[in-house]
Amino acid sequence: MLGLTNKRVFITGAASGIGRATAERFYKEGSELVLIDMPTLEAAELQSLFPNKMTYIQGDVTTLDVQNKIKAEAEKGIDVLVNNAGITRDATLLKMTDEQWDSVIAVNLTAIFKLTRLAAEKMKAQGRGGVILNAASVVAHYGNFGQANYSATKAGVIAMTKTLSKELGKDQIRVNAVAPGFIATPMVAKMPEKVLTMMEEKSPLRRLGKPEEIAAAYAFLASDDAKYITGTTLNVDGGTILG
Ligand SMILES: NC(=O)c1ccc[n+]([C@@H]2O[C@H](COP(=O)([O-])OP(=O)(O)OC[C@H]3O[C@@H](n4cnc5c(N)ncnc54)[C@H](O)[C@@H]3O)[C@@H](O)[C@H]2O)c1
(Lines give C-alpha, C1' and ligand atoms only; values in the text may rest on other atoms or scores of the structure.)
Protein backbone atom coordinates (compact mmCIF):
# COMPACT_ATOMS: atom_id res chain seq x y z
CA MET A 1 0.00 0.00 0.00
CA LEU A 2 1.20 3.49 -0.78
CA GLY A 3 -0.25 5.13 2.34
CA LEU A 4 -2.62 7.33 0.34
CA THR A 5 -5.84 6.13 1.98
CA ASN A 6 -8.05 9.02 3.10
CA LYS A 7 -5.48 11.58 1.95
CA ARG A 8 -7.15 14.66 0.48
CA VAL A 9 -5.86 14.86 -3.08
CA PHE A 10 -6.55 17.84 -5.36
CA ILE A 11 -6.11 17.26 -9.11
CA THR A 12 -6.50 19.98 -11.76
CA GLY A 13 -7.46 19.05 -15.32
CA ALA A 14 -9.01 15.87 -13.98
CA ALA A 15 -11.72 15.34 -16.61
CA SER A 16 -9.45 14.08 -19.36
CA GLY A 17 -6.27 12.19 -20.22
CA ILE A 18 -3.56 12.05 -17.56
CA GLY A 19 -5.64 13.94 -14.97
CA ARG A 20 -8.51 11.48 -15.30
CA ALA A 21 -6.17 8.48 -15.01
CA THR A 22 -4.53 10.10 -11.97
CA ALA A 23 -7.92 10.58 -10.30
CA GLU A 24 -8.73 6.91 -10.97
CA ARG A 25 -5.40 5.81 -9.48
CA PHE A 26 -5.73 7.86 -6.29
CA TYR A 27 -9.36 6.72 -5.95
CA LYS A 28 -8.16 3.10 -6.07
CA GLU A 29 -5.64 3.97 -3.36
CA GLY A 30 -8.54 5.13 -1.17
CA SER A 31 -7.86 8.87 -1.37
CA GLU A 32 -10.51 11.54 -1.08
CA LEU A 33 -10.60 13.53 -4.30
CA VAL A 34 -11.10 17.19 -5.09
CA LEU A 35 -11.17 17.37 -8.88
CA ILE A 36 -10.98 20.58 -10.86
CA ASP A 37 -11.66 21.08 -14.57
CA MET A 38 -13.37 23.31 -17.09
CA PRO A 39 -17.10 22.82 -17.57
CA THR A 40 -17.20 19.77 -19.82
CA LEU A 41 -19.70 17.18 -20.87
CA GLU A 42 -17.84 14.72 -18.72
CA ALA A 43 -18.82 16.42 -15.45
CA ALA A 44 -21.76 14.12 -14.72
CA GLU A 45 -19.76 11.09 -15.76
CA LEU A 46 -16.94 12.18 -13.48
CA GLN A 47 -19.32 12.44 -10.52
CA SER A 48 -20.51 8.88 -11.07
CA LEU A 49 -16.99 7.47 -11.41
CA PHE A 50 -15.99 8.35 -7.88
CA PRO A 51 -19.02 7.89 -5.64
CA ASN A 52 -18.80 9.35 -2.12
CA LYS A 53 -15.16 10.31 -2.35
CA MET A 54 -15.17 13.22 -4.75
CA THR A 55 -15.84 16.93 -4.81
CA TYR A 56 -15.90 18.56 -8.23
CA ILE A 57 -14.97 22.19 -8.79
CA GLN A 58 -15.95 23.25 -12.28
CA GLY A 59 -14.18 26.14 -13.95
CA ASP A 60 -10.98 27.71 -15.13
CA VAL A 61 -7.97 27.47 -12.79
CA THR A 62 -6.73 30.84 -14.02
CA THR A 63 -9.75 32.65 -12.54
CA LEU A 64 -9.92 34.10 -9.05
CA ASP A 65 -13.37 32.57 -8.60
CA VAL A 66 -12.07 29.02 -9.06
CA GLN A 67 -8.91 29.70 -7.06
CA ASN A 68 -11.13 30.87 -4.17
CA LYS A 69 -13.27 27.73 -4.45
CA ILE A 70 -10.13 25.59 -4.31
CA LYS A 71 -8.91 27.58 -1.31
CA ALA A 72 -12.22 27.04 0.49
CA GLU A 73 -12.01 23.31 -0.19
CA ALA A 74 -8.36 23.24 0.94
CA GLU A 75 -9.48 24.79 4.23
CA LYS A 76 -11.16 21.44 4.96
CA GLY A 77 -7.75 19.73 4.55
CA ILE A 78 -5.24 19.12 1.77
CA ASP A 79 -2.47 16.53 1.57
CA VAL A 80 -1.60 16.40 -2.15
CA LEU A 81 -1.97 18.89 -5.01
CA VAL A 82 -1.44 17.60 -8.55
CA ASN A 83 -1.03 20.61 -10.83
CA ASN A 84 -1.91 18.70 -13.99
CA ALA A 85 -4.08 21.10 -16.04
CA GLY A 86 -2.26 22.23 -19.14
CA ILE A 87 -2.93 23.45 -22.67
CA THR A 88 -1.12 23.82 -25.97
CA ARG A 89 -1.59 26.70 -28.43
CA ASP A 90 1.04 25.84 -31.04
CA ALA A 91 2.50 28.19 -33.65
CA THR A 92 5.98 29.04 -34.83
CA LEU A 93 7.45 32.28 -33.47
CA LEU A 94 6.43 34.69 -36.23
CA LYS A 95 2.90 33.31 -36.31
CA MET A 96 2.35 33.06 -32.57
CA THR A 97 -0.13 35.65 -31.29
CA ASP A 98 0.06 37.36 -27.91
CA GLU A 99 -3.13 35.50 -26.99
CA GLN A 100 -1.50 32.13 -27.73
CA TRP A 101 1.54 33.07 -25.66
CA ASP A 102 -0.42 34.56 -22.73
CA SER A 103 -3.02 31.80 -22.42
CA VAL A 104 -0.42 29.03 -22.21
CA ILE A 105 1.62 30.95 -19.61
CA ALA A 106 -1.57 31.60 -17.60
CA VAL A 107 -2.69 27.96 -17.40
CA ASN A 108 0.61 26.04 -17.43
CA LEU A 109 2.67 28.31 -15.20
CA THR A 110 0.86 31.15 -13.38
CA ALA A 111 -2.03 28.96 -12.20
CA ILE A 112 0.46 26.43 -10.80
CA PHE A 113 2.17 29.21 -8.85
CA LYS A 114 -1.13 30.49 -7.43
CA LEU A 115 -2.59 27.09 -6.51
CA THR A 116 0.68 25.94 -4.99
CA ARG A 117 0.83 29.11 -2.90
CA LEU A 118 -2.62 28.56 -1.44
CA ALA A 119 -2.05 24.83 -0.92
CA ALA A 120 1.33 25.33 0.77
CA GLU A 121 -0.11 27.94 3.11
CA LYS A 122 -2.73 25.46 4.31
CA MET A 123 -0.29 22.50 4.41
CA LYS A 124 2.06 24.55 6.56
CA ALA A 125 -0.77 25.49 8.94
CA GLN A 126 -1.88 21.84 9.20
CA GLY A 127 1.64 20.87 10.32
CA ARG A 128 1.55 17.39 8.75
CA GLY A 129 3.60 18.09 5.62
CA GLY A 130 2.24 17.65 2.13
CA VAL A 131 3.03 16.95 -1.49
CA ILE A 132 2.92 19.21 -4.54
CA LEU A 133 3.23 17.53 -7.95
CA ASN A 134 3.64 19.51 -11.16
CA ALA A 135 3.14 18.58 -14.80
CA ALA A 136 6.30 19.25 -16.79
CA SER A 137 7.17 17.66 -20.15
CA VAL A 138 10.12 16.23 -22.03
CA VAL A 139 9.93 19.29 -24.30
CA ALA A 140 11.28 21.33 -21.36
CA HIS A 141 14.57 19.51 -21.91
CA TYR A 142 14.89 19.56 -25.68
CA GLY A 143 12.36 22.11 -27.01
CA ASN A 144 9.74 21.40 -29.65
CA PHE A 145 9.05 23.03 -33.00
CA GLY A 146 6.01 25.35 -32.73
CA GLN A 147 5.94 25.28 -28.94
CA ALA A 148 7.93 28.32 -27.74
CA ASN A 149 5.11 29.09 -25.28
CA TYR A 150 4.50 25.52 -24.08
CA SER A 151 8.16 24.51 -23.74
CA ALA A 152 8.95 27.73 -21.84
CA THR A 153 6.18 26.94 -19.32
CA LYS A 154 7.36 23.38 -18.84
CA ALA A 155 10.99 24.46 -18.26
CA GLY A 156 9.59 27.11 -15.89
CA VAL A 157 7.69 24.42 -13.99
CA ILE A 158 10.91 22.45 -13.47
CA ALA A 159 12.78 25.50 -12.15
CA MET A 160 9.84 26.48 -9.93
CA THR A 161 9.68 22.92 -8.57
CA LYS A 162 13.35 23.07 -7.54
CA THR A 163 12.95 26.50 -5.91
CA LEU A 164 9.77 25.62 -4.02
CA SER A 165 11.27 22.36 -2.76
CA LYS A 166 14.00 24.48 -1.13
CA GLU A 167 11.50 26.92 0.36
CA LEU A 168 8.95 24.39 1.63
CA GLY A 169 11.18 21.51 2.72
CA LYS A 170 11.48 22.67 6.31
CA ASP A 171 7.72 22.16 6.67
CA GLN A 172 8.03 18.64 5.19
CA ILE A 173 6.21 19.75 2.06
CA ARG A 174 7.75 17.92 -0.90
CA VAL A 175 7.60 19.41 -4.39
CA ASN A 176 8.30 17.29 -7.46
CA ALA A 177 7.52 17.31 -11.16
CA VAL A 178 6.77 14.60 -13.69
CA ALA A 179 7.97 15.06 -17.27
CA PRO A 180 5.88 12.81 -19.51
CA GLY A 181 7.02 11.89 -22.99
CA PHE A 182 4.31 11.52 -25.62
CA ILE A 183 1.25 10.02 -23.95
CA ALA A 184 -1.88 8.89 -25.79
CA THR A 185 -4.41 11.50 -24.59
CA PRO A 186 -6.80 13.95 -26.31
CA MET A 187 -4.01 16.59 -26.17
CA VAL A 188 -1.69 14.45 -28.27
CA ALA A 189 -4.47 13.18 -30.54
CA LYS A 190 -4.47 16.69 -32.06
CA MET A 191 -0.95 16.12 -33.46
CA PRO A 192 -0.35 14.95 -37.03
CA GLU A 193 -0.08 11.18 -37.49
CA LYS A 194 3.45 11.40 -38.86
CA VAL A 195 4.68 13.29 -35.77
CA LEU A 196 3.18 10.61 -33.53
CA THR A 197 4.87 7.86 -35.53
CA MET A 198 8.15 9.78 -35.22
CA MET A 199 7.65 10.03 -31.46
CA GLU A 200 6.96 6.30 -31.19
CA GLU A 201 10.20 5.62 -33.03
CA LYS A 202 12.12 8.00 -30.78
CA SER A 203 11.31 5.89 -27.71
CA PRO A 204 13.48 2.80 -27.13
CA LEU A 205 10.17 1.12 -26.15
CA ARG A 206 8.72 2.01 -29.62
CA ARG A 207 5.34 3.22 -28.38
CA LEU A 208 3.51 6.18 -26.89
CA GLY A 209 2.92 6.18 -23.14
CA LYS A 210 -0.42 5.50 -21.46
CA PRO A 211 -2.10 7.99 -19.08
CA GLU A 212 -2.06 5.42 -16.28
CA GLU A 213 1.74 5.20 -16.56
CA ILE A 214 1.95 8.89 -15.63
CA ALA A 215 -0.67 8.41 -12.92
CA ALA A 216 1.54 5.70 -11.40
CA ALA A 217 4.44 8.16 -11.18
CA TYR A 218 2.23 10.73 -9.43
CA ALA A 219 0.99 8.09 -6.98
CA PHE A 220 4.54 6.98 -6.21
CA LEU A 221 5.80 10.54 -5.69
CA ALA A 222 2.82 11.30 -3.42
CA SER A 223 3.41 8.17 -1.35
CA ASP A 224 5.47 7.47 1.73
CA ASP A 225 7.81 5.42 -0.49
CA ALA A 226 9.00 8.74 -1.91
CA LYS A 227 9.26 10.61 1.36
CA TYR A 228 12.94 11.50 0.81
CA ILE A 229 12.34 12.71 -2.76
CA THR A 230 11.91 16.42 -3.34
CA GLY A 231 12.91 18.96 -5.99
CA THR A 232 13.21 16.32 -8.66
CA THR A 233 11.70 15.86 -12.09
CA LEU A 234 10.87 12.27 -12.94
CA ASN A 235 11.01 11.58 -16.68
CA VAL A 236 8.28 9.11 -17.63
CA ASP A 237 8.93 9.01 -21.33
CA GLY A 238 9.89 5.50 -22.42
CA GLY A 239 13.45 6.78 -22.84
CA THR A 240 12.44 9.38 -25.46
CA ILE A 241 14.81 11.93 -23.96
CA LEU A 242 17.80 9.75 -24.90
CA GLY A 243 17.29 10.96 -28.48
N1 LIG B 1 -0.18 13.99 -23.30
C2 LIG B 1 1.12 14.18 -23.36
O3 LIG B 1 1.82 13.61 -24.21
C4 LIG B 1 1.81 15.08 -22.40
C5 LIG B 1 3.20 15.17 -22.46
C6 LIG B 1 3.87 15.99 -21.58
C7 LIG B 1 3.15 16.73 -20.64
N8 LIG B 1 1.80 16.63 -20.60
C9 LIG B 1 1.12 17.46 -19.62
O10 LIG B 1 0.25 16.67 -18.84
C11 LIG B 1 -0.89 17.45 -18.47
C12 LIG B 1 -2.16 16.72 -18.90
O13 LIG B 1 -2.12 16.52 -20.30
P14 LIG B 1 -3.18 15.62 -21.09
O15 LIG B 1 -2.47 15.09 -22.27
O16 LIG B 1 -3.88 14.71 -20.18
O17 LIG B 1 -4.16 16.77 -21.62
P18 LIG B 1 -5.73 16.77 -21.92
O19 LIG B 1 -5.94 17.88 -22.88
O20 LIG B 1 -6.22 15.41 -22.28
O21 LIG B 1 -6.34 17.15 -20.50
C22 LIG B 1 -6.07 18.39 -19.90
C23 LIG B 1 -7.24 18.73 -19.00
O24 LIG B 1 -6.94 20.01 -18.41
C25 LIG B 1 -8.12 20.77 -18.45
N26 LIG B 1 -7.81 22.20 -18.43
C27 LIG B 1 -7.17 22.90 -19.41
N28 LIG B 1 -7.12 24.19 -19.07
C29 LIG B 1 -7.76 24.31 -17.88
C30 LIG B 1 -8.05 25.42 -17.06
N31 LIG B 1 -7.69 26.66 -17.39
N32 LIG B 1 -8.72 25.20 -15.90
C33 LIG B 1 -9.10 23.96 -15.55
N34 LIG B 1 -8.84 22.87 -16.31
C35 LIG B 1 -8.19 23.05 -17.47
C36 LIG B 1 -8.81 20.38 -19.73
O37 LIG B 1 -10.19 20.71 -19.73
C38 LIG B 1 -8.55 18.89 -19.77
O39 LIG B 1 -9.58 18.16 -19.13
C40 LIG B 1 -0.71 18.81 -19.13
O41 LIG B 1 -0.11 19.72 -18.22
C42 LIG B 1 0.25 18.51 -20.26
O43 LIG B 1 0.98 19.66 -20.63
C44 LIG B 1 1.11 15.84 -21.47
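**Exercise 1.** In which loop does Y228 lie? Keep in mind as you search that this is a predicted model.

*Solution.* 
- Step 1: Find helix α9 (211-222) and strand β7 (233-236); Y228 lies in the loop between α9 and β7.
- Step 2: Now look around this residue. Y228 has 6 C-beta neighbours inside 10 Å, so Y228 counts as exposed.
- Step 3: Compare chain and space. Y228 and R174 are 54 residues apart along the chain, yet 8.4 Å separates their C-alpha atoms.

**Exercise 2.** Describe the surroundings of strand β1 (residues 8-12) and name its partner strands.

*Solution.* 
- Step 1: Check burial. Because 4 of the 5 residues of β1 are buried, the strand is largely enclosed by the rest of the structure.
- Step 2: Turn to one partner. β1 and β2 pair in the parallel sense over 5 bridges, and in one of these pairs F10 has V34 of β2 as its bridge partner.
- Step 3: Follow the chain between these strands. The path goes from β1 through α1 to β2, a right-handed β-α-β crossover.
- Step 4: Turn to the other partner. Strand β4 (residues 80-83) runs parallel to β1 and is joined to β1 by 3 bridges. Here V9 stands opposite V80 of β4.

**Exercise 3.** Which residues of the largest nonpolar core touch the most other members?

*Solution.* 
- Step 1: Start from a general idea: in soluble globular proteins, nonpolar side chains tend to be buried together.
- Step 2: Apply the idea here. The largest nonpolar core has 62 residues, and F10, V178 and Y218 touch the most other members. Helix α4 (residues 98-126) gives the largest share of this core, 9 residues.
- Step 3: Zoom in on V178. Leaving out residues up to four places away in sequence, V178 touches L133, A135, A136, I214, A217, Y218, L234 and V236.

**Exercise 4.** How many residues surround the ligand, and which are the closest?

*Solution.* 
- Step 1: Count the shell. There are 28 residues around the ligand, and the closest are G13, S16, G17, G86 and T185.
- Step 2: Ask where they come from. The elements that give two or more residues to the shell are α1 (17-28), β2 (32-37) and α7 (186-189).
- Step 3: Sort by class. The shell has 15 nonpolar, 11 polar and 2 charged residues.

**Exercise 5.** What are the phi values of N6 and N52?

*Solution.* 
- Step 1: Recall that most residues other than glycine have a negative phi.
- Step 2: Read the angles. Phi is positive, about 65°, in N6, and near 70° in N52.
- Step 3: N6 lies in the segment before β1, while N52 is in the loop between α2 (43-49) and β3 (54-58).
- Step 4: N6 is partly exposed because it has 13 C-beta neighbours inside 10 Å. N52 is exposed, with 5 other C-beta atoms within 10 Å.

Conventions: Residues are numbered from 1 along each chain as its sequence is written. This is a predicted model: local features need pLDDT of at least 70, side-chain atom pairs count only at pLDDT 80 or more; totals for chains, interfaces and linings use all residues. A residue is near a molecule or strand if its C-beta atom, placed from the backbone, lies within 6 Å of it. Ala, Val, Leu, Ile, Met, Phe, Trp, Tyr, Cys and Pro count as nonpolar, Asp, Glu, Lys and Arg as charged, and the others, Gly among them, as polar. A residue is buried if 20 or more other C-beta atoms lie within 10 Å of its own, exposed if 12 or fewer, and partly exposed in between; C-beta atoms are placed from the backbone. Two strands pair if DSSP finds at least two bridges between them. A crossover is right-handed if, with the strands pointing away from the viewer, the path from the first strand over the helix to the second runs clockwise. A nonpolar core is a set of buried Ala, Val, Leu, Ile, Met, Phe, Trp, Tyr and Cys residues joined through C-beta atoms within 7 Å. Two residues are in contact if their C-beta atoms, placed from the backbone, lie within 7 Å.
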